[in-house]
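Dear colleague,

Please find below the structure that I am handing over to you. My notes on what was found in it follow directly after.

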Amino acid sequence: MQDQYGRVIDYLRISVTDQCNLRCVYCMPREENLRFLPKDELLTDEEIVRLCRIFADIGISRIKFTGGEPLLRKGLADLVFRIGQIPGVKEMTLTTNGVLLKDQIGALYQSGISSVNISLDAAQKEHFSSIAGIDYFEQVMEGFEEAKKYPMTVKINCVLARELNEGQWLSLAEYAKDAKVDVRFIEMMPIGTGKQYTSGGQDELLARIKERYGDVEEQKEKGNGPAIYYKVQGFLGRIGFISAMSHKFCSQCNRIRLTADGVLKPCLQYESHVELKRMLRQGRTEHELTELIVKSIFQKPKEHKFQEQQEKRCDLTGNMLEKKKMSEIGG
Ligand code: SAM
Ligand code: SF4
């Protein structure tokens with residue numbers, strides 16, 4: 001379906017858990033007693049499948065499973081399989097920190113996952129641990145190697161945070177050298193603990209890549225999402241940038257988000273939402289749920305105002321800005 005600005009909304013990110021086995025400093029606070037959702041506050045498989053049927057009916061064809069760490073959800077592959085059976089669902093992908101990937105990738109591939117993004121912010125073990133909080137670098141590498149054995153797309157996503165990983169950027173780019181793996185650099189967004197860090201910018205990193213590896217060629221063919229890709233001479237994979245801050249892409253935004261506690265968010269920045277879990281559990285009919293979802297998508301905000309509004313708590317029209325952590329929303 002289209003929203004009020006004519007954008008075609010066909011992509012849904014589902015956060016299947018708010019829990020995580022890493023503590024990336026820019027994403028989750030490092031407190032001892034972090035509170036997670038009690039099990040009965042999470043959407044059940046049944047509820048997610050029911051909502052996905054409605055989403056597919058109104059034109060959502062691509063679904064990304066995210067979290068928290070999605071591989072911590074028990075029975076994820078079965079859930080993926082069930083969603084893949086829904087008419088209209090054409091593509092299912094996953095974003096993961098990779099820690100548990102080695103053992104699960106086979107079942108996920110069989111269930112219909114066609115593309116995996118592995119989040120990796122450092123190319124060295126010690127550096128990885130200092131950002132992620134836990135020494136799971138080797139497990140992530142094993143998951144990465146295993147995923148490459150399957151006929152699926154494997155990408156690496158690195159968040160640019162000058163204070164955390166500036167010295168790692170070029171080493172990370174090299175993962176695209178010898179394998180057909182795209183390495184994408186994501187600008188840090190001022191959400192949750194991410195607010196404390198300064199993002200590196202696309203133009204600056206591209207200049208460094210050119211300086212090290214020679215000229216790069218911008219790829220005319222765009223992927224499904226907001227990434228802009230470059231081919232570097234001698235690299236099998238591509239270098240991509242997702243630059244929500246310096247190269248804002250709201251006018252082409254095609255996505256909505258379903259949080260682990262069953263809230264539909266039409267835009268990452270704003271708190272405005274529909275409490276779908278509550279509606280489901282109140283016994284609302286398919287028709288009522290569809291109406292609520294359609295209305296929310298239609299009213300999707302025009303654009304984020306991260307730059308203008310970082311210090312304020314609400315936008316110019318009075319909409320409250322998001323206070324959830326990125327791990328709760330799903331990225
Ligand atoms: N645990 C999974 C993972 O790390 O891929 C999925 C959830 S995580 C919230 C999804 C993505 O959001 C990760 O690539 C992570 O690096 C990114 N992310 C988290 N906080 C961010 C921020 N403030 N700005 C930009 N990206 C962020
Ligand atoms: Fe966990 Fe992913 Fe957030 Fe890191 S980025 S803390 S792996 S949810």
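A search of the whole structure for disulfides (pairs of cysteine sulfur atoms within 2.5 Å) finds zero. C158 takes part in none, and the nearest cysteine sulfur, that of C24, is 11 Å away. C253 is likewise in no disulfide; its nearest cysteine sulfur belongs to C250, at 6.6 Å. In general terms, a disulfide is a covalent bond between the sulfur atoms of two cysteines. C158 counts as buried because its relative accessibility is 0%, where buried means under 20% relative accessible area, exposed means over 50%, and partly exposed is in between, with a 1.4 Å probe and protein chains only. C253 is also buried, since its relative accessible area is 15%.

Please note that this is a predicted model, in which local features need pLDDT of at least 70, side-chain atom pairs count only at pLDDT 80 or more, and totals for chains, interfaces and linings use all residues. Residues are numbered from 1 along each chain as its sequence is written, chains are lettered from A and ligands numbered from 1 in the order in which they are written, and side-chain values use heavy atoms, with hydrogens and water left out.

The chain as a whole

The chain has 12 helices and 12 strands; these are DSSP runs numbered from the N terminus, with helices (H or I) of at least four residues and strands (E) of at least two. The radius of gyration, taken over C-alpha atoms, is compared here with a globule rule of 2.2 Å times the number of residues to the power 0.38. For 331 residues, a compact globule would have a value near 20 Å, and the chain agrees with this at 19 Å. Along the principal axes, the C-alpha atoms fill a box of roughly 60 × 45 × 45 Å. Of the 331 residues in the chain, 55% are buried.

Ligand 1

Ligand 1 is surrounded by 19 residues, of which the closest are Y26, G68, T95, S119 and M189; a residue is near a molecule if one of its heavy atoms lies within 4 Å of it. By class, this shell holds seven nonpolar, 10 polar and two charged residues. Here Ala, Val, Leu, Ile, Met, Phe, Trp, Tyr, Cys and Pro count as nonpolar, Asp, Glu, Lys and Arg as charged, and the others, Gly among them, as polar.

Several atom pairs link the protein to this ligand. An oxygen atom of ligand 1 is 2.5 Å from an N or O atom in the side chain of S119. A nitrogen atom of the ligand lies 2.9 Å from a backbone N or O atom of G68, and an oxygen atom of the ligand lies 3.5 Å from a backbone N or O atom of T96. On its own, ligand 1 has 550 Å² of accessible area, and the protein covers 94% of it; such areas come from the Shrake-Rupley method with a 1.4 Å probe, and for residues only the protein chains shown count as cover.

Ligand 2

The residues around ligand 2 are C20, L22, C24, Y26, C27, M28, G68 and N97. This shell comprises six nonpolar residues, two polar ones and no charged ones.

Individual residues

N21 lies in the loop between β1 (11-15) and α1 (45-57). It counts as buried because its relative accessibility is 14%. The side chain of N21 makes a polar contact with the side chain of N97, at 2.8 Å. A polar contact is a pair of N or O atoms within 3.5 Å; within protein, one must be able to donate a hydrogen and the other to accept it, and residues adjacent in sequence count only if both atoms are side-chain atoms.

T66, in strand β2 (residues 62-66), is buried, with a relative accessible area of 3%. The C-alpha atoms of T66 and N97 are separated by 9.8 Å, although the two residues are 31 residues apart along the chain.

L94 belongs to strand β3 (residues 91-96) and is buried at 0% relative accessibility. D45 lies in helix α1 and is partly exposed, with a relative accessible area of 23%. D45 and G75 are 30 residues apart in sequence, and their C-alpha atoms are 8.9 Å apart in space.

Finally, Y213 is placed in helix α8 (residues 202-213) and is buried, with a relative accessible area of 16%. Y213 and G234 are 21 residues apart in sequence and 8.6 Å apart in space, C-alpha to C-alpha.

With kind regards
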